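Keep the model open as you read.

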Amino acid sequence: MPFGRHLKRALARRFPRTRRAYNRLRAYRPRLPLPRLWRVRATARWLRATLATLAARRRDARLTVAVDVTAFWEPLTGIGWYLYRLLEHLADFPGLSVRLYGPTVVDSPDLAPPVVPLPAGPALETVTYRVPEDLVVPPGLLIPLLRRLEPLLIAADGSQVLFAPNYFLPRRFLLAGGARVATIHDLGVRQVPWTLRPETLRDLTDRLEHALFEAARLITVSGAIRDELAAFGYSRPERVRVVHHGPGQLAAVEPTAKPPGTPARYALHVGTLEPRKNILHLLAAWRALRRRLDDRPVLVLCGRYGWKTEAIRREVAAAQAEGWVRHLGYVAEGELAALYRDAEVVLLPSLYEGFGLPALEALAAGAPLVCSDLPVRHEVAGGAALYASPDEPEELADRVAGLLADPELARELRERGRHRAAEFSWQRAARRTAAVWFEAAGEPPPQ
């Protein structure tokens, strides 16, 4: 018996299931139709167009920057709006090509649209690969394959800079070359780890140090965070650039009617109700204020509940039952702008912040601001706010009582706040961010 036939029989005895599958395939093979010529031609055209697009991206003479914009497929939080405003103001930046990568670069009918329109302009390109229906390989097979190859597709674009707007890049960017630039919004993982969700704390603990180590440049949203990076030994100061936020999400929003149930007189807190925002401290301060003043505004809480809120929920419910707290939950932008405008005082007693956009929103609206005595609060608000220790409810009550008793001080704080807020600009933030990208790539920014 020839050796080849002997080997086939031996393998058939050793792997009977494989042999049966092979026999079924041989029996079916004559009935498999050959791809029609028009499908072969369509596939060839699609491959040529895809390769031509890749080659054009690699030949781009501008500075090419890859940015993960997955945040635009979810309800936008502070970091999502930070990225959105940056890209809006970079849409026509000269000498720059910013490539936007959504949840996947392979388009398909089942992919949900972003919750906000993607920023667009001559300097922005949304990277997607569309798979036609008329190819040799059906889309149901080709789309999953391309998604598995997504790290290679991103790497093939040859971007010179990879920008992580939220600490670190997704794993699908790991094969891409180019200088890494990451924005560090705060170091809560080291300063107040007990206020973070377990999954957030775990992710930051596992990945933050590696992201800091591999980044060519780091952007911090405040000088306070730059100093914390140096204090913890995470980075030398010469690798860090401070880029302040712009004036918040409400800068261009016209106030509408206030939410139903808003009291005629009120003090306002804006932010998620969670331990980091020091809500129990705020409630304790307001109880102290009630003992001192008969004529006082209602405390209005604006924001959703976060995590670790069992004690906060109990205290808020009790205060609402007594009539001195009103929790409005999430409100629309126009309603929030109206709440800021008419508040007798805005209270932000956070334990820790990286920047704190609500403080800047309050200043821009001309609301008197009383906030926690943190370095970053002084950096943002300067002399346009009153400060109290985040650990002393009585001190916070003192500041509010003094402000309510002094209309001239309130008027002065409103005026100072508007002037202070005018010093912050998204246009300036975008221009400085682009300068960091050029610096990381070793290129001079365009004049």
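Strands here are DSSP E runs of at least two residues, and helices are H or I runs of at least four, both numbered from the N terminus. β1 and β4 run parallel and are joined by 3 bridges. Two strands count as paired if DSSP finds at least two bridges between them.

This is a predicted model: local features need pLDDT of at least 70, side-chain atom pairs count only at pLDDT 80 or more, and totals for chains, interfaces and linings use all residues. Residues are numbered from 1 along each chain as its sequence is written, and side-chain values use heavy atoms, without hydrogens and water.

On its other pairing, β1 runs parallel to β2, with 6 bridges. Aspartate 68 has tyrosine 101 of β2 as its bridge partner. How many residues of β1 are buried? The count is 6 of 6, where buried means under 20% relative accessible area with a 1.4 Å probe, protein chains only. Leu63, Val65 and Val67 cover one side, and Thr64, Ala66 and Asp68 the other; all are buried.

Move on to β2 (residues 96-101). It runs parallel to β3, joined by 3 bridges. Valine 98 stands opposite leucine 124 in β3.

Now take the whole sheet. It is open, has 7 strands and parallel pairing, and its order is β3-β2-β1-β4-β5-β6-β7. β3 (124-126) and β7 (240-242) are at the edges with a single partner strand each, so one side of each has no neighbour in the sheet.

Definitions and conventions: Buried < 20%, exposed > 50% of the residue type's maximum accessible area, 1.4 Å probe, protein only.
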